[in-house]
Amino acid sequence: MAQVIGPLNFKGTVYGLTHYQRYGKEWVRKKTSLCKEKMYRNPNYERTLENCMEFGGCSKIASDIR
């Protein structure tokens with residue numbers, strides 16, 4: 001990731017570069033090639049999806065406890 005130092009003040013993607021703001025600073029990174037459909041169809045992401053589902057369930061339980 002590169003930090004933007006200059007007059008650029010916008011968010012979004014231009015020419016494959018994503019501009020965003022974090023911690024009050026402007027940052028730039030390459031656009032990701034990962035998308036929702038790719039994650040659900042590719043067997044390489046099976047374990048990742050399992051972990052996401054488990055984390056989601058734990059988050060619901062934790063919010064009830066709070």
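**Close-up views of a predicted model**

**View 1. T18 is buried, with a relative accessibility of 17%.** Buried means under 20% relative accessible area, exposed over 50% and partly exposed in between (1.4 Å probe, protein chains only). T18 belongs to strand β3. Strands (E, at least two residues) and helices (H or I, at least four) are DSSP runs, numbered from the N terminus.

Residues are numbered from 1 along each chain as its sequence is written, and side-chain values use heavy atoms, leaving out hydrogens and water.

**View 2. Y23 sits in the loop between β3 (17-22) and β4 (25-30).** Y23 is not a glycine, yet its phi is positive, about 55 degrees. Y23 is exposed, at 72% relative accessible area.

**View 3. R29 lies over the face of Y20.** The distance from the ring centre is 4.6 Å. A charge sits over a ring if NZ of Lys or CZ of Arg is within 6 Å of the ring centre and within 35 degrees of the ring normal.

**View 4. Confidence along the chain, as pLDDT (the predictor's confidence in each residue, from 0 to 100).** The chain average is 83, and 86% of the residues score at least 70. Helix α2 (residues 46-65) has the highest mean among the elements, 90. Strand β1 (residues 2-3) has the lowest, 58.

Note on methods: Predicted model: local features only at pLDDT ≥ 70, side-chain atom pairs only at ≥ 80, totals over all residues.
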